Amino acid sequence: MNIIVCIKQVPETTEVKINPQTNTLIREGVKSIINPFDMYAIEEAVRIKERLGGKVVVITMGPPQAEAALREAISLGCDEAILISDRAFAGSDTWATSYTLSGAIKKIGQFDLIICGKQASDGDTAQVGPGISAHLDIPQVTYVKKIEEIKDNFMRVERMMEEGYEIIETPLPCLITVVKEINEPRLPSLKGMMKAKSAKISIWGQKELNLSEQGIGLCGSPTQVVKIFTPPQRVGGQILQGEVSEVVKKLVDLLKGEIS
Amino acid sequence: MDYLLSDEQKMVQELAHKIAEEKVRPVAAKYDQSEEYPWEIIKVIADAGLFGLFIPPEYGGMSVGVLNLCIATEELSRACGGIAVCYAASALGTFPIVLFGNEEQKKKYLPDLAAGKKVAAFAITEPEAGSDASAIKTTAKKEGNYYVLNGLKHFITNGGDAEIYVVIAMTDKSKGARGASAFILEKGMPGFIFGKKEEKFGIRASSTRELVFTDCKVPAENLLSKEGMGFIVTMKTFDMSRPGVAAQAVGIAQGALELAVKYAKERQQFGKSISTFQGIQWMLADMATQVEAARALVYATARMVDAGIKDVSKESAMTKMFASDVAMKVTVDALQIFGGYGYMRDYPIEKYVRDAKITQIYEGTNQVQRNIIALQLIKEMAR
């Protein structure tokens with residue numbers, strides 16, 4: 001079973017600060033980590049490999065420092081790592097990112113399964129996983145909470161719903177995104193950390209992937225971020241107390257006042 | 001303070017820190033209360049590969065040395081001194097095999113110990129042979145291809161939970177200390193059972209039990225080194241393991257210091273945080289300085305051991321004595337900073353005081369450590 005895991009390096013804090021001039025994240029002084037949801041993707045891939053053999057290739061698109069995330073993934077049991085990095089890819093939205101990642105996956109070639117975390121903790125879009133499957137034209141199952149069965153060309157999974165879950169069968173190769181209910185990620189091992197330290201990380205840019213110039217970077221991104229802001233805090237509501245008949249009258253007056 | 005650790009040592013530190021914070025700290029109070037053996041954590045430490053730090057690679061370990069072991073023990077102890085000692089005591093039981101085992105013994109026992117599949121223990125103490133180890137009464141009599149062991153060991157850390165035991169017994173009582181020998185025993189050997197489990201003041205996650213030998217037949221090939229080498233095995237083992245006890249003490253002290261600083265910043269009295277009071281500040285400054293001095297001593301001694309310097313008895317003793325005295329003082333002061341709340345079980349700090357106390361007692365009381373240091377000093381002067 002050859003598995004590709006797509007991960008993203010994100011800032012550790014949940015209170016991300018934004019540069020009001022450029023509308024981009026302020027990354028200085030904030031520790032970078034692997035997107036927490038991607039840790040479940042890595043764990044699931046490594047577990048499948050340990051059970052069925054094969055290898056796990058981990059990829060990420062990002063600036064050169066995203067290499068640290070890939071090395072951590074190797075310390076957790078991934079076999080190979082590829083960093084997709086090029087100035088030409090800068091400014092990619094989820095569409096251009098998934099296009100670029102799908103290009104890298106085509107270059108990797110043979111695979112049975114792609115696993116992504118359900119969404120990234122910084123952007124929260126949950127779009128890149130499904131985007132990759134669209135670009136590759138393979139089936140996708142999002143919010144997977146359990147892999148019930150996996151063998152050559154077939155997989156049955158449980159897909160998390162708001163209440164309960166769906167059981168979905170799909171041929172392979174396919175792409176899944178996973179939720180935190182799927183497993184408990186392991187800690188790295190010392191041997192894994194040592195392996196990660198010396199592991200060779202391939203770096204692929206536009207030259208290696210040779211993608212359509214129209215599809216990548218800012219140019220390939222239909223989404224334009226116009227403004228990022230923190231929504232104003234909601235002010236507490238007003239509670240009317242007293243006799244029902246009086247309260248109703250008061251409420252109607254208040255509502256009328258709001259409208260006019 | 002920067003100890004100029006190697007990349008490898010930093011990795012061990014980072015990994016042990018992660019285990020301590022994510023896995024150990026959340027369950028520390030639970031095991032302190034239940035006195036159960038923390039198998040779930042042992043498995044995490046085993047999976048991380050930390051049991052094999054000082055075991056040669058040909059037997060499944062990493063052979064990265066005593067300083068690494070100390071760093072791991074220190075980090076784990078920051079979160080729970082009791083859980084950390086389960087780990088460190090296995091190292092204590094493994095050292096004699098690493099140091100004195102023959103090829104067959106190493107091949108047979110070390111891989112499982114390095115992988116953390118089995119836990120080890122070291123057994124010398126008896127009810128009437130504590131600091132005076134020459135008073136050991138357990139006997140080992142050679143009969144054909146076996147040694148037959150009779151006697152009782154007590155206060156054995158990891159007792160009952162460990163699979164592998166290194167046991168010191170007298171093969172020739174007439175020779176006194178030179179008549180002691182070391183044997184490798186396995187749990188389940190006929191005639192080897194466990195007695196009373198102790199209820200302890202601190203390090204309650206670790207198990208402390210009696211080992212009882214009644215005509216216990218141990219194969220002759222399980223003799224470590226030669227007959228009469230029991231005390232040499234013990235002393236050399238303690239030279240290696242004492243920095244580990246000191247590291248445990250430093251970890252407990254560091255953990256208590258961190259909690260005290262955090263609490264001092266949060267706790268408001270007289271309209272401000274108590275960390276703004278000089279009385280508190282000076283306590284914290286003294287605590288931090290003492291912890292740093294103890295750590296520096298631990299790392300320096302561990303580096304001597306790793307460099308292959310043969311006689312480290314004095315330095316080892318100094319380290320264990322100093323660090324454990326610091327741990328006791330710092331934890332008591334940390335509790336003082338917590339005031340009344342610190343005395344309550346709802347707060348984690350009182351556990352640090354209880355866990356610290358044992359480090360002044362085991363692997364040689366601090367009084368015995370002073371004997372070792374003084375003896376060595378006088379010897380050096382006579383040269």
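Tutor: Two strands are said to pair if DSSP finds at least two bridges between them. With that in mind, A:Gly117 stands opposite A:Val178 in β12(A). The model is a predicted one, and the part to examine here is strand β8 of chain A, which spans residues 113-117.

On one flank, β8(A) pairs with strand β12 of chain A, residues 174-178, in the parallel sense over five bridges. It is in this pairing that A:Gly117 and A:Val178 face one another. β8(A) is also joined to strand β1 of chain A, residues 2-7, by four bridges, and these two strands likewise run parallel.

The burial of the strand may be considered next. β8(A) is mostly covered, with five of its five residues buried. A residue is counted as buried if 20 or more other C-beta atoms lie within 10 Å of its own. In a regular strand the side chains alternate between the two faces of the sheet. In β8(A), one side carries A:Leu113, A:Ile115 and A:Gly117, and the other carries A:Ile114 and A:Cys116. Every one of these residues is buried, and both faces of β8(A) are therefore covered.

To draw the picture together, β8(A) has parallel partners in β1(A) and in β12(A), and β8(A) is covered on both faces.

Terms used
Residues are numbered from 1 along each chain as its sequence is written. Chains are lettered from A and ligands numbered from 1 in the order in which they are written. This is a predicted model: local features need pLDDT of at least 70, side-chain atom pairs count only at pLDDT 80 or more; totals for chains, interfaces and linings use all residues. A residue is buried if 20 or more other C-beta atoms lie within 10 Å of its own, exposed if 12 or fewer, and partly exposed in between; C-beta atoms are placed from the backbone.
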